Amino acid sequence: EPMTANSSEGMVGAQAAWKAGYTGAGSKIAIIDTGIDTSHQSFDADAFNYSITQAGAGSELLTQAQVQSLASQLNSKSSNYVSAKIPYGYNYVDGSTTINHLSDTQGEHGSHVASIAAANKFIYSEDDGSITLNSALKTVRSQGNAPDAQLLIMKVFGSSGGAYDSDYFVAIEDAIVLGADSVN
């Protein structure tokens, strides 16, 4: 379905990339921001795995074992694996594995940014009482520009707001160690 010119997909020409078969499969995008709503339908691991299976790109994913093997090289020293969609997440400002921002005063900017970058191509929806996987473009009229990309969540804003340059820098370094293809 065509997106409007004022949506991010239209602004960056994502439809042309999708038509050419590029969906971000095998890519890792680091989101250095307020965290993410790990329970949001746009980041559902089962829907992500379904899409990756359809794309035949499962062998390119960052796995839990790979994250664990890299933990000693990370500034965080954490191997916090959330799911196949979010193979790594760490809260740099609070020094914890709590990457959800739902009760933070800072807001949900991180989920917004992560959605633009890589909200899933498929989402679960209820249809006549049964839950099925459907196209996100058809169901909620949106998907990420690279819907099959994995997300590395680097939370640098604390639960009460505020961030430090030093947290940005160590998060960027960790994103590089984890093999991020892009860092936002």
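The structure is a predicted model, in which local features require pLDDT of at least 70 and side-chain atom pairs count only at pLDDT 80 or more, while totals for chains, interfaces and linings use all residues. Residues are numbered from 1 along each chain as its sequence is written, and side-chain values use heavy atoms, with hydrogens and water left out.

**Helix H7**

Select residues 165-177, which form helix H7; helices (H or I, at least four residues) and strands (E, at least two) are DSSP runs, numbered from the N terminus. The 13 residues of H7 should span 18 Å at 1.5 Å a residue, and the end C-alpha atoms are 19 Å apart, which agrees. That expected span is 1.5 Å times one less than the number of residues.

Next, colour Asp167, Ala171, Asp174 and Ala175, the buried residues of H7. Buried means under 20% relative accessible area, exposed over 50%, and partly exposed in between (1.4 Å probe, protein chains only). Viewed down the axis of H7, the buried residues fall within an arc of 105°, so they line one face of the helix; the arc is that of the directions from the helix axis to the C-beta atoms. These buried residues pack against strands E1 (28-33), E2 (88-91), E5 (150-155) and E6 (182-183), where contact means heavy atoms within 4.5 Å.

Turn to the other side of H7, where Asp165, Phe169 and Ile176 are exposed. Ile176 has 60% relative accessibility. After the helix, Gly179 has a positive phi, near 85°.

**Helix H5**

Select residues 109-118, helix H5, and highlight its buried residues Gly110, Ser111, Val113, Ala114, Ala117 and Ala118. They cover an arc of only 165° around the axis, which puts them on the same side of H5. Their cover includes E1 and E5.

Centre on Phe122 in strand E3 (residues 122-127). Phe122 is buried, at 18% relative accessible area. Beyond its neighbours within four places in sequence, its contacts include Ala47, Tyr50 and Leu133.

Then move to Gln106, in the loop between E2 and H5. Gln106 is partly exposed, with a relative accessible area of 33%. Not counting residues up to four places away in sequence, Gln106 touches Thr34, Phe157, Gly158, Ser159, Gly161 and Gly162.

**Salt bridges**

How many salt bridges does the structure hold? There are two, a salt bridge being a side-chain nitrogen of Lys or Arg within 4 Å of a carboxyl oxygen of Asp or Glu.

Select Lys155 and Asp104, whose closest N and O atoms are 2.3 Å apart. This pair links Lys155 in strand E5 with Asp104 in the loop between E2 and H5, 51 residues apart. Lys155 is buried at 1% relative accessibility, and Asp104 is buried at 12%.

Finish at Lys121 and Asp148, whose side chains meet at 3.8 Å, N to O. Lys121 is partly exposed at 24% relative accessibility, whereas Asp148 is buried at 1%.
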